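Dear colleague,

I am passing on a structure for you to look through, and my notes on what was found in it follow below. Please keep it open beside this message while you read.

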Amino acid sequence: MSIIDGMQSLDRAQFFNGQRLFAADLQQLESFNREMRWLHNQSMHQPGIGQGFKVIGQKDDREVTISAGYALDSMGREIVLTETEVLPVPPVADNGAGGSAFYYLTVSYPDDTELVPLETREGICLPAGVIRLREHPVFCWVRLNDDQKNPQPVDSQLKLRLKNQLFIVLARVEIFNCKLRQPVTLSQRRSARPSCQPRVACGTAAPTWDYRGTVPLKLQPGLQFTELAMAGTIDTTAAGFAATPTYFGRLAGERTGSGKSGSVNFIYLIEGFVEVAANPAPTPTSFVVIICPLVVINASGGVDVAETVFDKLKVTWFGVEG
């Protein structure tokens with residue numbers, strides 16, 4: 001969602017000599033300048049850490065130290081820490097099964113209601129009011145599941161805030177007996193400064209295939225072009241692309257095997273053409289592949305082949321960000 005969708009107004013404030021000003025007039029001026037600045041940040045930068053926010057924690061420590069820093073969230077809002085912060089690690093013994101518990105340390109933009117008043121002032125014939133708030137970000141420990149290959153937040157609401165990049169990840173920690181089991185890991189951090197060089201990333205995916213065509217396939221011995229197309233969505237979120245890349249893919253996975261059609265045993269080899277679909281168009285977080293499989297059958301006659309022989313096919317992909 002763009003910040004433009006949520007902007008209250010683009011009215012420019014005007015003042016004249018002798019005008020009586022109210023708090024709402026000055027608040028509207030501050031709101032205009034702030035939202036225009038956020039719009040610039042969101043349009044010209046990416047969510048992440050601009051500088052600082054270094055997190056230090058060694059094995060057996062019960063707290064981490066966070067240096068002063070500056071970051072941006074996906075709404076373009078500035079997250080600022082002006083002095084060193086020390087946070088205790090979550091007081092958990094283990095993950096409930098005798099193993100380590102894993103957490104992300106995140107930082108986010110604070111609402112005005114979450115800030116501490118620094119100064120109040122008496123009104124003229126009116127009660128006192130707050131005129132300055134202490135800028136300070138909100139830190140949150142986000143518990144992760146035990147899947148180390150694909151760690152995900154346990155809490156669905158926190159997971160959504162991380163996905164929408166309203167929470168900025170500063171570090172990951174491993175906790176056992178209420179202390180760090182390993183030094184703090186910083187590899188999950190994302191910079192708010194996009195690299196000047198094209199980003200290249202790759203991976204292997206096993207999507208859920210949408211089969212289009214006639215099944216079972218009636219194939220003859222030898223090389224056969226099948227009357228079947230397979231479509232699947234490849235998730236590339238982990239690559240961290242900021243712009244839509246050019247994607248390439250090739251067939252991978254288990255492509256040989258044996259089967260039985262009636263009383264006929266057969267051996268097969270699968271190959272195929274891989275196409276990156278233009279509709280729906282690729283995005284920085286996903287693309288659709290269409291595979292037109294070719295099958296080599298070794299059998300004594302024609303056989304019926306079910307679509308299940310293609311279930312284990314995977315796609316190895318890479319993307320080059322332009």
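Phe 266 is buried in this predicted model, because its relative accessible area is 4% and anything under 20% counts as buried. Tyr 268 falls under that cut-off as well, since its relative accessibility is 12%. The two rings, those of Phe 266 and Tyr 268, form an aromatic pair with 6.2 Å from centre to centre, and with 45 degrees between the planes the pair is classed as tilted.

The count of aromatic pairs comes to seven. Among them is the pair of Tyr 247 and Trp 317, whose ring centres are 6.2 Å apart and whose planes meet at 75 degrees, so this pair is edge-to-face, the cut-off for that class being over 60 degrees. If you follow the chain, you will find that this pair links distant parts of it, because Tyr 247 belongs to strand β18 (residues 245-253) and Trp 317 to strand β23 (residues 313-321), 70 residues apart.

A polar atom of the Thr 236 side chain lies 3.4 Å from the backbone oxygen of Pro 284.

Elsewhere, Arg 181 lies over the face of Phe 176, at 4.3 Å from the ring centre. Helix α3 (residues 156-163) is worth a look at both ends: at its start, a side-chain oxygen of Asp 155 reaches to within 2.9 Å of the backbone nitrogen of Gln 157, while just after α3 the residue Gln 165 takes a positive phi of about 60 degrees.

Finally, there is an open sheet of three strands in the order β2-β3-β6, with antiparallel pairing, in which β2 (55-56) and β6 (85-88) are the edge strands, each pairing on one side only. Strand β3 (residues 63-66) is joined to β6 by four bridges, and Ile 66 stands opposite Glu 85 in β6.

Notes:
Residues are numbered from 1 along each chain as its sequence is written. This is a predicted model: local features need pLDDT of at least 70, side-chain atom pairs count only at pLDDT 80 or more; totals for chains, interfaces and linings use all residues. Side-chain values use heavy atoms; hydrogens and water are left out. A polar contact is a pair of N or O atoms within 3.5 Å; within protein, one must be able to donate a hydrogen and the other to accept it, and residues adjacent in sequence count only if both atoms are side-chain atoms. Helices (H or I, at least four residues) and strands (E, at least two) are DSSP runs, numbered from the N terminus. Rings of Phe, Tyr and Trp (its six-membered ring) pair if their centres lie within 6.5 Å; planes under 30 degrees apart count as stacked, over 60 as edge-to-face and the rest as tilted. Buried means under 20% relative accessible area, exposed over 50%, partly exposed in between (1.4 Å probe, protein chains only). A charge sits over a ring if NZ of Lys or CZ of Arg is within 6 Å of the ring centre and within 35 degrees of the ring normal. Two strands pair if DSSP finds at least two bridges between them.
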